[in-house]
Amino acid sequence: MSLHSLALFGTLLALVLGSAFGVIHSSHGCRQLYAVLQQLEADQWYLQEDYGRLLLEQSTWASHYRVERVATRELQMQAPALESLKVVRP
């Protein structure tokens, strides 16, 4: 083997090893990012679930039946008598 072919062999070996380590590094980074993605998707699912529950609770608290019941029972409010109503026209 000549010195030139030995240098070429060493360079090619270094390039192959560098490429192999690059693939390893890239694969590891891809796996880490995929794990982060899975965690974020799980968090999104839980947040969507909570949001749905909150919308249901909001609609329950704001229902006309409940508002009327709280107004009459807890606040002792009542509808005004018809005699006290006035119609305003433009």
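Me: Which helix do Asp50 and Arg53 lie in, and how many residues apart are they?

Reply: Both sit in helix α1, three residues apart. That is about one turn of the helix. Keep in mind that this is a predicted model.

Me: What do the side chains of Asp50 and Arg53 form where they meet?

Reply: A salt bridge, at 2.3 Å from N to O.

Me: How many salt bridges does a search of the whole structure find?

Reply: Two. Glu49 and Arg53 also meet through their side chains in a salt bridge, with N to O at 3.6 Å.

Me: Where do Glu49 and Arg53 lie?

Reply: In helix α1, which covers residues 3-61. Glu49 and Arg53 are four residues apart, again about one turn of the helix.

Me: Which residues are linked in a network of salt bridges, then?

Reply: Glu49, Asp50 and Arg53.

Me: Switching to charge overall. How many positive and negative side chains does the protein chain have?

Reply: There are 7 positive and 8 negative ones. The centres of the two sets lie 8 Å apart.

Me: Aromatics next. How many aromatic pairs does the structure hold?

Reply: One. Trp45 and Tyr46 make up the pair.

Me: What is the geometry of the Trp45 and Tyr46 pair?

Reply: Edge-to-face. The centres are 5.1 Å apart and the planes are at 70°.

Me: Is Trp45 buried or exposed?

Reply: Exposed, because its relative accessibility is 53%.

Me: Zooming out, how many helices and strands does the protein chain have?

Reply: Two helices and zero strands.

Me: What radius of gyration does the protein chain have?

Reply: The value is 36 Å. A compact globule of 90 residues would have one near 12 Å.

Me: What box do the C-alpha atoms fill?

Reply: Roughly 115 × 35 × 15 Å, along the principal axes.

Me: What share of the residues counts as buried?

Reply: Of the 90 residues in the protein chain, 2%.

Me: What does the accessible surface of the protein chain come to?

Reply: About 8,900 Å². Carbon and sulfur atoms account for 66% of that surface.

Me: Last topic, the backbone. What is phi of Gln76 near?

Reply: Near 50°. That is a positive value in a residue other than glycine.

Me: Where is Gln76 found?

Reply: In the segment after α2, and α2 spans 64-74.

Me: Is Gln76 buried or exposed?

Reply: Gln76 counts as exposed, because its relative accessibility is 60%.

Note on methods. Residues numbered from 1 in each chain as written. Predicted model: local features only at pLDDT ≥ 70, side-chain atom pairs only at ≥ 80, totals over all residues. Heavy atoms only, no water. Phe/Tyr/Trp six-rings, centres within 6.5 Å; stacked < 30°, edge-to-face > 60°. Buried < 20%, exposed > 50% of the residue type's maximum accessible area, 1.4 Å probe, protein only. Rg over C-alpha atoms; globule rule 2.2 N^0.38 Å. Areas by Shrake-Rupley, 256 points an atom, 1.4 Å probe, with all protein chains shown as cover. Lys, Arg positive; Asp, Glu negative; His and termini not counted. Charge placed at Lys NZ, Arg CZ, Asp CG, Glu CD. Salt bridge = Lys/Arg side-chain N within 4 Å of Asp/Glu carboxyl O.
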